Amino acid sequence: MQFGPVTLDDAEGAILAHSLRRGPVSFKKGRRLSADDIVALRDLGVASVVAATLGPDDIGEDEAASRVAAAVAGPNVTVAAAFTGRVNLFATERGLLCLDPARVDAINLLDESVTIATLPDFAPVEPGQMLATIKIIPFAAPASCVEQAERVAAGGGTGSPPLRVAAFRPLSVGLIQTRLPGVKDSVLDKTVAVTRERVEALGGTLIAETRCDHDEAALTDGIRSMPPADLLLIAGASAITDRRDVLPAAIERAGGVVEHFGMPVDPGNLLLLARIDAMPVLGLPGCARSPKLNGFDWVLQRVAAGVPPTRADVMRMGVGGLLAEIPSRPLPRSGDVPEAPRAPRVTALVLAAGRSSRMGATNKLLAEVDGTPLLARAVDAALASQAANVIVVTGHQGERVAAALSGKPVTFVHNPDFAEGLSRSLRAGLAAVPSESDAVVVCLGDMPRVASGIIDRLIAAYSPAEGRAVCIPTAHGKQGNPVLWDRAFFAEMAALTGDSGAKRLIGRHADRVCEVPVDDAGILYDVDTPELLAQFRAPPDPSSAE
């Protein structure tokens, strides 16, 4: 192809490179100049134009794009008409886009004139959704390049086209849930509902659901008693931690084979891939109880589309496998630009409004230990943590309490109704939490032994997408303070009354609670009485050291 200025004597059949407007003539870029066009230009005094002239070895842009598109399009893909060197490919069925990335790359590497842009491999698609576009960059492509692209797309004459849609099939699915003592039926019922929605969204049916003890023998019996299905899902009461754990052991005992444990997708790391005869079996990660996108969705989509992943396929899912979303915010709608995952923004809320009634005349929060008020120790720990900001709720002797924290970068909120109990201080503090905060960690001003590292550990554990929306530290099997709460609970917390705080909500939302073990009894220690204050002030007894 030749490109550049062309005299009108040689311009017939050439392709106009730039739009031309002069007098009554308005020719757009890409127009193939006819004999009448040449006459019109001469009448206007035009002597030459910038144009592309195709040679015998060139194929025009529309024909070239159409040929490449026809070569790469496989089943359930429709090819649109060419226009200005572009051909778009669309899905005709609901399913997964299946690509051969190596062949797509090979075509793009042939020559700068031929390009293919696609959605990601295994992207879920709807009928009518654009899958790819073929664009010829200049006004023509070399015939040799187009022919080579056709050969690559054909896979040397033996392969299928490199771009197809694998339609979702109407899967029959069975679900087994194991349970431990204390697990509420409501938690298991919620898992059934979420799983049914996932399966039905792909055109399948949840044909059976059963529950058994979280025990290898009980689960083995449960597997063997399930009716025939295209896919078996097993949701354990406790996360799978090893190939020899309850779920994989029961699958093997029932005659199955564990193909792979774990996946480089987050959320979804603890997925188990197995098989009993020809039936795929999936041991579900904890995040599968949430309707939000996780690695289980990727595997379920593959199975539903008839392209179940192999062990190697799962191990290759790491690139693009960081699916963790912004806490407390919905996934992007179709067409939105997804926001990159970020660290959660957590507000530390220090409650310091109480009357210290058990301390007599002394305000325990202002009692000094080695020259530092008790409250200041709790606030300093919050400030040293990864919390984005610190709010201190004052009430009883509010001015004195605020003065004791003078110079510290905290926000003060006064609770005039402090006498009505802890719940009123909690309500006042929550009202002041910035709108951009995803969660709040509620700290008590009379717990001077809670270190900043405890707060950081709660923040690290926090992940609503994986069901960890309420994070409670535990020591020696006992739950302590502070407690981290996702924003989704703020309304319920603000509606509480009395002096017991938000812990009464924990049983109501057991399925979203995460206990965070810490090697620090400071989470259980508060200074409520003169005796405890004296104990805290006393120097450590050397004889008690191990």
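This is a predicted model: local features need pLDDT of at least 70, side-chain atom pairs count only at pLDDT 80 or more; totals for chains, interfaces and linings use all residues.
Two strands pair if DSSP finds at least two bridges between them. Strands are DSSP runs of E with at least two residues, helices are runs of H or I with at least four residues, and both are numbered from the N terminus.

Residues are numbered from 1 along each chain as its sequence is written, and side-chain values use heavy atoms, with hydrogens and water left out.

## The whole protein

The protein has 15 helices and 30 strands. Its radius of gyration, taken over C-alpha atoms, is 33 Å, well over the 24 Å that the globule rule gives for 546 residues, so the protein is more spread out than a compact globule. That rule is 2.2 Å times the number of residues to the power 0.38. Along the principal axes, the C-alpha atoms fill a box of roughly 110 × 65 × 45 Å.

How much of the protein is buried? Buried residues make up 47% of the 546 residues. Here buried means under 20% relative accessible area, exposed means over 50%, and partly exposed is in between, with a 1.4 Å probe and protein chains only.

Contact means heavy atoms within 4.5 Å. Of the contacts with a separation of 6 or more, 68% are between residues 24 or more positions apart.

## Strands side by side

Strands of a sheet pair through backbone hydrogen bonds, either parallel or antiparallel. You can find both kinds here.

Take the open sheet of three strands first: its order is β1-β5-β2, with antiparallel pairing. The edge strands, β1 (2–7) and β2 (15–16), each pair on one side only.

Now move along the chain to β21 (residues 346–352). Seven of its seven residues are buried, so β21 is largely enclosed by the rest of the structure. Val346, Ala348, Val350 and Ala352 point one way from this strand, while Thr347, Leu349 and Leu351 point the other way. Within its pairings, Leu349 stands opposite Val442 in β26, and Thr347 stands opposite Asn389 in β24.

| Strand pair | Partner residues | Sense | Bridges |
|---|---|---|---|
| β1 and β5 | β5: residues 48–53 | antiparallel | six bridges |
| β21 and β26 | β26: residues 439–444 | parallel | six bridges |
| β21 and β24 | β24: residues 389–394 | parallel | six bridges |

Gln479 lies in strand β28 (residues 478–479). Is this residue buried or partly exposed? At 33% relative accessibility, Gln479 counts as partly exposed. Not counting residues up to four places away in sequence, Gln479 touches Ile472, Pro473, Thr474, Lys503, Ile506, Glu515 and Leu524. Gln479 and Glu515 are 36 residues apart in sequence and 7.8 Å apart in space, C-alpha to C-alpha.

Ile137 lies in the loop between β12 (130–136) and β13 (140–142). At 52% relative accessibility, Ile137 counts as exposed. Leaving aside neighbours within four places in sequence, Ile137 is in contact with Glu112, Ser113 and Thr115.
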